[in-house]
Amino acid sequence: MTKTAVVILNWNGEKFLEQFMPSVTTNTTAPNTEIWVADNGSTDNSIKFLQQNYPNVHTLLFDKNYGFTGGYNRALAKIEAEYFVLLNSDIEVAPNWLEPLVNYMDNNHNVAASMPKILQFADKTKFEYAGAAGGFIDCYGFPFCRGRVLSNVETDNGQYNDVCDIFWATGACLMIRSDLFRKSGGLDEAFFAHMEEIDLCWRLKNMGHRIVVVPQSVVYHVGGGTLPNNSPRKLFLNYRNCLWMMYKNLPTKKFHRTLFMRMVLDGLSACMYLVKLQFSFFWAVPRAHFAFYSELKNLRAKRADLKANRTIFTIHPEVLKHSFVLKVYLGGKKTFADLMK
């Protein structure tokens, strides 16, 4: 069986494939590794470009865009390997980027998933927004990273070069054991995109596994290649999917209070958008809450299914016990190190 399958999900990303496939094919030198591109029904020349320029790259063709979650679930169901690496199409990988991840996973069997250090493609001295040097959340489900807190992105001075247990690994570059990907149920396709990797990692941690960042592996991410960061659609997905994720995975004794407080904080953020006259962003929040309520029946079933499969809804040390948003706006905290003091 193949050791590692690096799987790129593509949707009308010919320009990214043209720009970044050279680094992936040249710098992916770990033994017994295959490179795959799964295409989500592209209408551009992505597949023709790959066939003409990278005939040794394996391809999977889907009939339509199944989103990040559906595309990867369908792709990984067809690929046999010990490890899967979910790699965004807008990433440049550094030389020998894969070996540190494989070696760490080989030597630490209680680790279910890992990620590299992710820096900005446009400024390789700075961490990248989506993942940076490892993902965490606060007690109300707001994600942040080592190297990125809200919009404050740190310069990489080696301050986060230690291998570290984290709460979530970014879907931009996520290595996961194939058997645990399948055992955990894979990505939740209801999410379509955004927060789905945090939901997956939360389920893995509730199953008793570790998630780590291995900063000796480095990649460079463009970011915002599919949906820009200032998109009301992206805001809607983040708010809706976070509520779904929390309903599925929160520990029982914190369940009702935490969900209620999260909704209050969402309401406050909606008021902020209204004051700024950002009406499309304002409406994204109540739309997300309506979508949450409309899915309650299915969410109850999913939570019950997780419990029936002996998932332990537990409290994890990688969850900040306070609201990091309040620590930032009221406490003046700007960096991960400040938050964790």
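**Close-up views of a predicted model**

**View 1. Overall burial and dimensions of the protein.** Of the 341 residues of the protein, 56% count as buried, and the coordinates shown here belong to a predicted model. The protein has twelve helices and 14 strands, and its C-alpha trace spans about 55 × 45 × 45 Å along the principal axes. A compact globule with 341 residues would have a radius of gyration near 20 Å, and the 19 Å of the protein therefore agrees with that expectation.

**View 2. Contacts and surface of the protein.** Among the contacts in the protein with a separation of 6 or more, 77% are accounted for by residues 24 or more positions apart. The protein exposes about 15000 Å², and 55% of this area is supplied by carbon and sulfur atoms.

View 3. Rolling a probe the size of a water molecule over the atoms shows where empty space is left. A search of the whole structure finds one cavity of 30 Å³ or more, and the volume of the largest cavity is about 30 Å³. Its lining consists of Ile-8, Phe-16, Leu-17, Phe-20, Met-21, Val-24, Asn-88, Ser-89 and Ile-91. Helix 1 (residues 14–27) contributes the largest share of this lining, with five residues. By residue type, the lining of the largest cavity divides into seven nonpolar residues and two polar ones, with no charged residue.

**View 4. Leu-150 in the loop between strands 9 and 10.** Most residues other than glycine have a negative phi, and most peptide bonds are trans. Leu-150, a residue other than glycine, has a positive phi, with a value near 50 degrees. The residue is found in the loop that lies between strand 9 (148–149) and strand 10 (152–153). Leu-150 counts as partly exposed because its relative accessibility is 25%, which falls between the limits of 20% for buried and 50% for exposed.

**View 5. His-194 in the loop between helices 5 and 6.** His-194 also has a positive phi, in this case of about 80 degrees, although the residue is not a glycine. Its position is in the loop between helix 5 (178–183) and helix 6 (196–206). With a relative accessibility of 18%, His-194 counts as buried, because the value is under the 20% limit for that class.

Terms used
Residues numbered from 1 in each chain as written. Predicted model: local features only at pLDDT ≥ 70, side-chain atom pairs only at ≥ 80, totals over all residues. Heavy atoms only, no water. 1 Å grid on protein atoms, 1.4 Å probe; cavity = no way out; pocket = protein on both sides within 12 Å on 5 of 7 lines; lining within 4 Å. Points joined across faces, edges and corners; volume = space filled by probe spheres on them. Helix = DSSP H or I, 4+ residues; strand = E, 2+ residues; numbered from the N terminus. Nonpolar A, V, L, I, M, F, W, Y, C, P; charged D, E, K, R; others polar. Rg over C-alpha atoms; globule rule 2.2 N^0.38 Å. Buried < 20%, exposed > 50% of the residue type's maximum accessible area, 1.4 Å probe, protein only. Contact = heavy atoms within 4.5 Å. Areas by Shrake-Rupley, 256 points an atom, 1.4 Å probe, with all protein chains shown as cover.
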